[in-house]
Amino acid sequence: MDEGSYWVYVLELGNGRRYVGQTNNLERRLAEHRSGRSRFTRKYEVVRVLYREECGSRSEALKREKFLKSGKGREWLKVRLAEQSA
């Protein structure tokens, strides 16, 4: 069950925070966040998708999600988002 495409994504929430997650169906998962079916993001409006990255397996996506939630990962993302907006 580790086959197919998986996605790691970062959402900007209405309270200024970010949410990092992973899924095998990005469109469905974003719809769940926007409709209030996700426990963490239910309280906050999803402003936009800041970042998305396709991974080859669930284990790869989980590792990447863990990295993006770490201090080094947050710093990497900050630089990456600054480059995209420049």
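Predicted model: local features only at pLDDT ≥ 70, side-chain atom pairs only at ≥ 80, totals over all residues.
Colleague: How are two packed helices described, and at what angle do α2 and α3 pack?

Modeller: Two packed helices are described by the angle between their axes and the distance between the axes. Helices (H or I, at least four residues) and strands (E, at least two) are DSSP runs, numbered from the N terminus, and axes are lines fitted to C-alpha atoms, for helices over the stretch in contact, with angles from 0 to 180 degrees between N-to-C directions. Here α2 and α3 pack at about 85 degrees, with axes 4 Å apart, and they are therefore roughly perpendicular to each other, a label given to angles of 65 to 115 degrees. Arg64, Phe67, Leu68 and Lys69 of α2 meet Gly71, Lys72, Gly73, Arg74 and Trp76 of α3, where contact means heavy atoms within 4.5 Å.

Colleague: Which residues make up the largest nonpolar core?

Modeller: A nonpolar core is a set of buried Ala, Val, Leu, Ile, Met, Phe, Trp, Tyr and Cys residues joined through side-chain atoms within 4.5 Å, and buried means under 20% relative accessible area, exposed over 50%, and partly exposed in between (1.4 Å probe, protein chains only). The largest one has eleven residues, among them Val10, Leu50, Leu68 and Leu77, and β1 (6-13), β3 (46-55), α2 and α3 each give two or more residues to this core. A second, separate core of seven residues includes Leu13, Leu26, Leu30 and Val46.

Colleague: Is Tyr9 buried or exposed, and where is Glu45 found?

Modeller: Tyr9, in strand β1, is buried, with a relative accessible area of 1%; not counting residues up to four places away in sequence, Tyr9 touches residues including Tyr19, Leu26, His33 and Arg52. Glu45 is found in the loop between α1 (26-35) and β3 and counts as exposed at 59% relative accessibility. Leaving aside neighbours within four places in sequence, Glu45 is in contact with Glu12, Leu13 and Gly14.

Notes: Residues numbered from 1 in each chain as written. Heavy atoms only, no water. Parallel < 35°, antiparallel > 145°, perpendicular 65-115°, else oblique.
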